[in-house]
Amino acid sequence: MNNSATQKQIFLAIEQAKNILIVPHKDPDPDTLGAALALHEHITSCSKQARIFNLTGASKKFHFLPHYNQISSDPVVWEDTSIDLIIVLDSGDLDYAGILPMMETITFRPQIVNIDHHKTNAFFGDINLVNLESSSTSEILYFLFRHNRVSITPTMATNLIAGIMYDTDNFTNAATKYTSLFATSDLVKHGGRFHFIKEHLYRDKSVDILKLWGEILGRLQHNTKHDIVYTFITLRDLNHHSVSEDDLRGFSNFLSNIKEGSGAIFFKEKPDGNIRVSMRTTYDHIDMSAIAEHFGGGGHKKACGFELEGPIDTAFERFFIELDTHPIPWRLS
Ligand SMILES: [Mn+2]
């Protein structure tokens with residue numbers, strides 16, 4: 001089924017439903033939250049019942065999103081057997097969405113709509129609107145609204161801008177296309193607060209966070225044999241600077257600013273002693289996901305990751321030895 005027919009079908013499902021549950025994925029980011037809040041505002045403005053359920057709850061730092069308090073992690077919602085439509089946003093599968101156990105135990109059978117932009121999407125919905133070309137689920141929502149002639153309020157526009165801006169890393173990463181810029185400009189025209197969102201998403205670093213970033217940047221190494229730039233962070237660093245792991249979000253993306261190297265790698269020690277390895281490249285001829293897959297991880301060609309066993313002190317040496325001894329096809333010709 002083509003996009004346009006699916007977009008119509010989703011609106012028909014919303015029109016026919018009486019009790020709708022909107023599900024942004026667990027540990028939600030501004031894309032899944034912005035999409036959920038904009039959709040919630042639209043549905044409730046049509047005098048229809050809709051609630052947002054999120055398994056883990058949203059981080060307080062996203063409190064600036066309009067109608068943020070609509071996000072609930074109260075499991076009591078699952079006792080409501082009259083839910084007849086569940087709309088899952090930005091999730092490759094129901095496990096990532098955080099509702100797999102509920103879906104396996106509920107006795108009622110709601111229709112499921114799946115709206116997403118991840119290439120790993122399992123098409124788990126009764127209706128699936130999966131667009132790999134879209135920068136974000138918020139961008140898909142914008143075109144879904146536009147296609148169905150929904151009037152977009154300033155708060156809906158602000159939420160969708162947050163999602164697009166976050167997933168395009170402030171319009172700098174490879175996912176940024178004509179459609180994401182077009183959608184954003186039209187959302188600004190509808191009263192979306194572009195600068196307000198930018199201030200909250202990107203002017204959020206404390207002195208402590210940036211001092212830690214400085215320390216991590218001071219450890220940058222360039223492995224010239226493999227042409228990879230890398231650095232690392234230990235749990236001791238986090239404790240010493242009283243910075244949470246969450247505050248490091250954005251650091252891997254920041255490494256994309258480095259001119260040298262075919263790619264950049266960030267080794268991060270986890271509380272369980274294992275190492276989270278995040279990889280970034282900006283080059284079309286580099287496929288970092290080939291390395292990630294070799295180590296049992298996954299992701300996109302330009303942004304992906306995997307886990308290594310600790311300790312961190314020797315993780316990069318062991319990593320480069322593995323690269324030396326296995327022909328991994330990560331340089332495309
Ligand atoms: Mn997304």
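The model is predicted, with local features requiring pLDDT of at least 70 and side-chain atom pairs counted only at pLDDT 80 or more, whereas totals for chains, interfaces and linings use all residues. Residues are numbered from 1 along each chain as its sequence is written, and side-chain values use heavy atoms, with hydrogens and water left out.

View A. Helices here are DSSP runs of H or I with at least four residues, strands are runs of E with at least two, and both are numbered from the N terminus. Buried in α1 are T6, Q7, I10, F11, A13 and I14. These residues cover an arc of only 155 degrees around the axis, taken from the directions from the helix axis to the C-beta atoms, which puts them on the same side of α1. They pack against β1 (19-24), α2, β4 (85-89), β5 (111-116), β6 (127-130) and α5, where contact means heavy atoms within 4.5 Å.

**View B. Helix α2 beside helix α5.** The axes of α2 (residues 30-45) and α5 (residues 137-147) come within 8 Å and cross at roughly 25 degrees; axes are lines fitted to C-alpha atoms, for helices over the stretch in contact, and angles run from 0 to 180 degrees between N-to-C directions. The two helices are therefore roughly parallel to each other (angles under 35 degrees). From α2, the residues D31, G34, A35, A38, L39 and H42 meet T137, S138, L141 and F145 of α5. The residues of this contact divide into five nonpolar, four polar and one charged, with Ala, Val, Leu, Ile, Met, Phe, Trp, Tyr, Cys and Pro counted as nonpolar, Asp, Glu, Lys and Arg as charged, and the others, Gly among them, as polar.

**View C. P154 in helix α6.** P154 lies in α6, residues 154-167, and counts as partly exposed at 45% relative accessibility. Although P154 and G192 are 38 residues apart in sequence, their C-alpha atoms are 4.9 Å apart in space. Leaving aside residues up to four places away in sequence, P154 touches H190, G191 and G192.

**View D. S262 in a loop.** S262 is placed in the loop between α11 (251-254) and β9 (263-269), and is buried, with a relative accessible area of 5%.

Note on methods
Parallel < 35°, antiparallel > 145°, perpendicular 65-115°, else oblique. Buried < 20%, exposed > 50% of the residue type's maximum accessible area, 1.4 Å probe, protein only.
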